[in-house]
Amino acid sequence: MSSSNNENELTTTRFTDRLRDESEPFWTQATTHRFTRQLADGTLPDEVFIRYLIQDYHYVDCLAQAVGFAVALAPDMATRRPLAGFLSVLTNAENDFFLKSFARLGVDEATWRNTPPSPVTQAISEAIVGGASGHAGSGQYPEAMTVLLCSEWVYQAWAEPVADAQPPQPQYREWIELHATAEFIGFVEWLREETDRACEGLDAERQEALVALFRKVTELEAAFFEDAFGS
Ligand SMILES: Cc1ncc(CN)c(N)n1
């Protein structure tokens, strides 16, 4: 944490503030994307949401793998517990959401199983699993936390401001709700605190690499939303 003294004023910058600030313009693109605006006001076309859901189910499978690596790399039981709790949400409530939404929207199992991950889905999945596991370089706890934080913080940042939106489509309301519950918001704050704690003592070169990793995943989050429009 950097700090500066100005008269009596003490200002501090969290490492995670730096991650977010240095990921611009992608942070703003990802958290205010037309996909989430149209989801909240109910104007998102079904075919766009279906394309997104199929790709996101591939992504969430990789996300669960990345969280598993983070559980393994975590320093102790107190840090493993929130990560394991999130893994349980992903593999239960969130998994149920995907299967229920496919059924509601008439997407049969062969379609969601056999549609391959798009190049954007492959890139973001490799970034998070590679970042968390070390397959893409020096995968350690700080890298795992950085990619997980990016993935979940982007979603909290778009969903919390539209938590009261009531689009007519139940699957749109549920997708907002999953990312705007007090539990999820608390988990993202915990991710921030834990990422600050794990990264603030690292040397400048390692921190630069983490900033670049967060920025790359943020860019891919924005591209992932855009990909759903087929553009
Ligand atoms: C691409 C992406 N990024 C993040 C999330 C939130 N878990 C998600 N569902 N999809």
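Me: Where is Glu 94 found?
Reply: Glu 94 sits in helix H5, residues 77–104. Helices are DSSP runs of H or I with at least four residues, numbered from the N terminus. This is a predicted model, where local features need pLDDT of at least 70, side-chain atom pairs count only at pLDDT 80 or more, and totals for chains, interfaces and linings use all residues. Residues are numbered from 1 along each chain as its sequence is written.

Me: Is Glu 94 buried or partly exposed?
Reply: Glu 94 is partly exposed, because 19 other C-beta atoms lie within 10 Å. Buried takes 20 or more other C-beta atoms within 10 Å, exposed 12 or fewer, and partly exposed is in between, with C-beta atoms placed from the backbone.

Me: Which residues does Glu 94 touch?
Reply: Not counting residues up to four places away in sequence, Glu 94 touches Val 60, Val 89 and Leu 178. Contact puts the two C-beta atoms, placed from the backbone, within 7 Å.

Me: What does UniProt list for "binding site"?
Reply: The unreviewed UniProt entry lists Asp 56, Glu 94 and Glu 152. They are spread over 97 residues of sequence but cluster in space, with a largest C-alpha distance of 13.4 Å. UniProt positions follow the numbering used here, feature names are shortened, and annotations may be inferred rather than shown by experiment.

Me: And where is Asp 56?
Reply: Asp 56 is in helix H4. Asp 56 counts as partly exposed, with 19 C-beta neighbours inside 10 Å.

Me: New topic: which residues of H3 are buried?
Reply: In helix H3, residues 34–41, they are Phe 35, Thr 36, Leu 39 and Ala 40.

Technical notes:
Helices (H or I, at least four residues) and strands (E, at least two) are DSSP runs, numbered from the N terminus.
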